Every structure is written in C-alpha cells, then in structure tokens.
Amino acid sequence: MGQMVAGKSSEETIVRRIIKRVRIPPGSGLKVGIGDDCAVFRPRGSADDLLFTTDLLLEDVHFRRETHSAEDVGYKALARGLSDIAAMGGDPRFCLLSLAIPRWASPAWVDRFYRGFFGLAGKTATPLAGGDLARSRRLACDVIVCGAVPRNSALLRSGARPGDAIYVSGLLGGSALGLAGGKGRARKRHLRPEPRLALGKFLREKLHAHAAMDLSDGLSLDLRRMCLASGVSAEIEAPPVFPGASRKQALHGGEDYELLFVAPPASNPPSDFEGLPLTRIGTITAGRAGAVRLSGRPLAPLAFDHFRRP
Ligand SMILES: [Mg+2]
C-alpha cells in the first residue's frame with residue numbers, strides 16, 4: 001500500500017505471460033482484450049460496444065478497517081470500476097459484486113458497506129445485477145462494471161500519436177497525501193475518489209481525444225503504459241500538484257482517479273470542465289515506446305506494484 005518501486009513492474013511481466021496464453025476465436029466480438037482500462041465487446045448487430053472491467057478491493061492491501069469506514073470501503077469498491085468506464089468515455093450500465101465477509105464484520109458493518117456502495121451506484125445509475133457471497137479471514141471484494149459506448153468510439157490507451165498534446169484532469173498527489181495521513185480534502189480524495197464519468201464522455205463526444213486512461217497507479221507508470229500501448233514516447237513538465245502534496249506524490253502517487261488524455265493540439269480543450277481543471281502537461285513524441293521524460297530527463301516509473309520483490 002503506497003509502496004514505491006523502481007524499474008520494470010513485475011505486474012507487467014505477469015500480465016505479459018498471461019496475454020501469451022489468450023486465444024481469441026475469430027468472430028468472437030471481443031474487440032479489445034487484456035491491456036486497456038476495459039475489455040471491449042461488440043454484440044452482433046448492436047449500435048453499442050460493451051465495456052467490462054473488474055477490480056479487487058482487499059483488506060490490508062487496498063484499505064484498513066482502522067482508517068476506512070464501512071461506507072468508504074463500499075464506495076471505493078465501485079468507484080474503481082466506474083473510473084475505468086470513465087476512462088473509455090463510457091456510460092455505466094450495471095455492476096456485479098462478489099464479497100467475502102470475515103467474522104469481524106458485523107451485520108451493521110456490512111449494511112454500512114452496502115450503503116456506501118449503493119450511494120454511488122444510485123448517483124451513477126449503475127444497478128447491482130448480481131454477485132456472490134462467502135466467508136473469509138479478511139474482507140475481499142471484486143466488482144465488475146459493465147458500460148457502453150457507441151460502436152467503435154471507446155477511448156483506448158493505444159491511440160496516442162506523435163504531436164498530440166498530453167493533459168490531466170484535476171490536481172495530482174491528493175490521494176497519496178491522504179494515504180500518508182493528510183487530513184481534510186486530501187483524506188477525502190483518498191477515501192472518496194470521484195469517477196470522472198461526465199469528463200470521459202466529453203472527451204469522447206466533443207473533444208475527440210485520441211487516447212485516455214484513468215490515473216490509478218500514478219502518472220509516471222500510467223503514462224508509460226499509455227506510451228507502450230501506443231508505441232510512442234512522451235515529454236512532460238511537472239503536473240499540477242494537489243495543495244499540500246509533494247511533487248513526488250503528484251508524479252508517482254496512486255489512486256487519484258483523474259483522467260490522463262491526449263488530443264491534437266488544435267482541439268484546444270477548455271481550461272476546465274465543470275470546474276475541474278484540465279492542464280496540458282506535455283507532448284507525445286516519436287521515440288522509444290514507453291519512454292517518458294520530465295523536463296528533458298528520463299522519468300522512472302516509480303509507483304505501486306503489488307508484485308515487487310522485497
Ligand atoms: Mg484504469
């Protein structure tokens with residue numbers, strides 16, 4: 001949790017090994033598989049493409065019961081998946097929730113968990129359509145969110161082209177600051193990240209962004225992932241920093257759930273969207289795939305990796 005690691009993430013290595021084993025049968029309708037914020041499935045004859053994302057939320061990995069209320073845990077379990085739908089420019093349609101409940105979780109705790117979950121589900125019109133319940137030593141939940149976009153319009157990570165301007169929404173590092181004990185807005189940012197659904201739709205419909213993703217693991221690592229997926233590199237300056245956060249937290253801190261997107265410079269996005277700042281931080285360049293430079297110097301992808309070696 002909040003651990004920093006240098007160099008190639010071993011999560012990347014594991015994912016690469018999994019991808020090698022995947023065989024997509026011809027005509028399956030699966031348009032985008034492993035490696036983007038959501039999988040994209042095109043039902044035959046449908047005007048919409050369907051988006052699917054799944055996220056784990058684990059006790060003592062993603063949250064601690066000493067610091068996170070039951071409502072916060074329920075909220076965050078759904079927010080993570082909704083953020084991936086936002087990253088594709090999609091509308092959420094429904095979700096599935098599997099929950100493993102430990103003995104410490106009283107019926108009242110579980111009720112409050114669902115209150116946080118259903119609060120966000122109601123606000124974003126994401127009805128719960130099913131799931132599973134089990135007993136376990138620690139609380140674990142997995143949320144699947146299904147969303148939709150008009151056919152062939154999902155914002156992918158792989159669409160960035162040399163010359164595109166790079167933007168981020170909001171101010172970065174707030175969640176890392178909240179995790180490190182920051183109070184007030186930073187703590188709220190960590191506990192209640194807001195999935196940028198309206199912004200994602202704006203980027204797809206109005207701005208015609210070339211690529212987008214959500215910032216879940218930190219700008220340095222997430223921008224590297226976008227560049228790898230697009231076969232390009234990036235030159236950036238320091239991103240806008242959340243009040244009180246450090247530059248390091250803004251560059252490498254996870255769980256801000258803001259959107260990172262690229263668009264042709266001529267598309268000229270507004271300086272804010274519904275009060276949320278949109279800031280240009282750099283330019284996509286035609287260099288080694290995945291290379292990111294900050295103020296002209298290589299930026300190492302320091303960020304959280306569950307599979308780091310001690
Ligand atoms: Mg994501």
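Strands here are DSSP runs of E, at least two residues, and helices are runs of H or I, at least four residues, numbered from the N terminus. This is a predicted model, in which local features need pLDDT of at least 70, side-chain atom pairs count only at pLDDT 80 or more, and totals for chains, interfaces and linings use all residues. Residues are numbered from 1 along each chain as its sequence is written, and side-chain values use heavy atoms, with hydrogens and water left out.

**Strand β8 and its partner**
- Strand β8 runs antiparallel to β10 (residues 259-263), joined by four bridges; two strands pair if DSSP finds at least two bridges between them.
- D214 stands opposite L259 in β10.

**The magnesium site**
- D37, D84 and D214 coordinate the magnesium ion through OD atoms, at 2.0 to 2.1 Å.
- D37 sits in the loop between β1 (30-32) and β2 (39-41), while D214 is in β8 (residues 211-214), 177 residues apart.
- Along the chain, the donors follow the spacing D-x46-D-x129-D.
- Donors are N, O and S atoms within 2.8 Å of the metal (3.2 Å for Na, K and Ca); water is not among the atoms, so sites may look incomplete.
- D37 counts as buried because its relative accessibility is 6%.
- D214 counts as buried because its relative accessibility is 1%.

**The six-stranded sheet**
- Six strands form an open sheet in the order β1-β2-β3-β6-β4-β5, with mixed pairing.
- Its edge strands are β1 and β5 (128-135), and each pairs on one side only.
- From one strand to the next, the twist averages 20 degrees.
- Strands β4 (residues 91-101) and β6 (residues 140-150) pair antiparallel over nine bridges.
- The bridge partner of F94 is C146 in β6.
- Helix α2 (residues 70-87) packs on the sheet, touching β3 (48-58), β4 and β6; contact means heavy atoms within 4.5 Å.
- The direction of α2 makes about 145 degrees with that of β3.
- Axes are lines fitted to C-alpha atoms, for helices over the stretch in contact, and angles run from 0 to 180 degrees between N-to-C directions.

**Residue I19**
- I19 lies in helix α1 (residues 10-21).
- I19 counts as partly exposed because its relative accessibility is 39%.
- The C-alpha atoms of I19 and G33 are 8.9 Å apart, with the two residues 14 apart along the chain.

Key:
Buried < 20%, exposed > 50% of the residue type's maximum accessible area, 1.4 Å probe, protein only.
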